[in-house]
Amino acid sequence: MPIYKFQVHTPLALETAIGRIQAITAEPESFWESTRNTFWSRPGNQTRPFRGEVVGYSFDLERAISARYAWQLQIHGRIDAADSGSRMSVIMYLHPIAILIVCSVFSVAARSAWNAFNTSQSLSGPIFMFIIGVVVTCLCFFPEAVKARRLLETAIKR
């Protein structure tokens, strides 16, 4: 599964850095709010790019986009004191629903490959399914991770 890790060093004090993360983070939506926004989505007046919780010097975020989808990445981070300022350590990974979808696709591909191998059929279909699963996962995850990284870096370095 794709995982994206990075660290950002900043000359800001620890409290200032966590304050900037709080400034770009909106409150998490309740289940009913997210369901309503998924099915009756209106162009939102969302001014903050992230939604989640900032507790102490750590944070659990996700991008605040108008519609939820299974590829929504999860962002966990921590800000620690460093020699000359602070250091933000972040890890991003797929939403658990996306992990289930990817694992399902890979298990179907593996089962099809096993059946094709036992019956001496072509393995091109299962191999193609596996490749498509990897490509779709990477194309959905990494561009979103890079966008989220840019937003976090901009907030903490400006």
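Predicted model: local features only at pLDDT ≥ 70, side-chain atom pairs only at ≥ 80, totals over all residues.
The chain contains four helices and six strands. Along the sequence, these elements follow the order β-α-β-α-β-β-β-β-α-α. Of the 158 residues, 31% count as buried.

Strand 5, spanning residues 73-82, takes part in two antiparallel pairings. With strand 4 (residues 58-63), strand 5 is paired over four bridges, and Asp60 is positioned opposite His76 of strand 5. With strand 6 (residues 85-94), strand 5 is joined by 10 bridges. Within this second pairing, Gly77 has Val90 of strand 6 as its bridge partner.

A salt bridge links Arg87 to Asp80, with 3.9 Å between the closest N and O atoms. Both residues are partly exposed: the relative accessible area is 25% for Arg87 and 23% for Asp80. Arg87 also lies 8.7 Å from Pro11, C-alpha to C-alpha, although 76 residues separate the two in sequence. Pro11 is located in the loop between strand 1 (3-10) and helix 1 (14-23). With a relative accessible area of 72%, Pro11 lies above the 50% limit and is therefore classed as exposed.

Helix 4 covers residues 124-157. Its 34 residues should span 50 Å at 1.5 Å a residue, and the end C-alpha atoms are 49 Å apart, in agreement with that expectation. The buried residues of helix 4 are Pro126, Gly133, Thr137, Phe141, Glu144, Ala145, Ala148, Leu152, Ala155 and Ile156. For Thr137, the relative accessible area is 4%, so this residue counts as buried. A polar atom of the Thr137 side chain lies 2.7 Å from the backbone oxygen of Gly133.

Helix 4 also contributes to a nonpolar surface patch. This patch, of about 730 Å², is made by Phe117, Leu123, Ile127, Phe130, Ile131, Val134, Val135 and Leu139. Helix 4 gives the most to the patch, with six residues. Val134, which is found in helix 4, is partly exposed at a relative accessible area of 35%.

The model holds six salt bridges in total. Side chains of opposite charge can pair when their charged atoms come close.

Arg149 counts as partly exposed, with 23% relative accessibility. Through salt bridges with shared partners, Arg63, Glu144 and Lys147 are joined into one network.

Note on methods: Residues numbered from 1 in each chain as written. Heavy atoms only, no water. Buried < 20%, exposed > 50% of the residue type's maximum accessible area, 1.4 Å probe, protein only. Polar contact = N/O pair within 3.5 Å; in protein donor to acceptor, adjacent residues only side chain to side chain. Patch = residues over 30% accessible without salt bridge, like charges linked within 9 Å, V, L, I, M, F, W, Y side chains within 5 Å. Areas by Shrake-Rupley, 256 points an atom, 1.4 Å probe, with all protein chains shown as cover. Salt bridge = Lys/Arg side-chain N within 4 Å of Asp/Glu carboxyl O. Expected span 1.5 Å × (residues − 1). Pairing = 2+ DSSP bridges.
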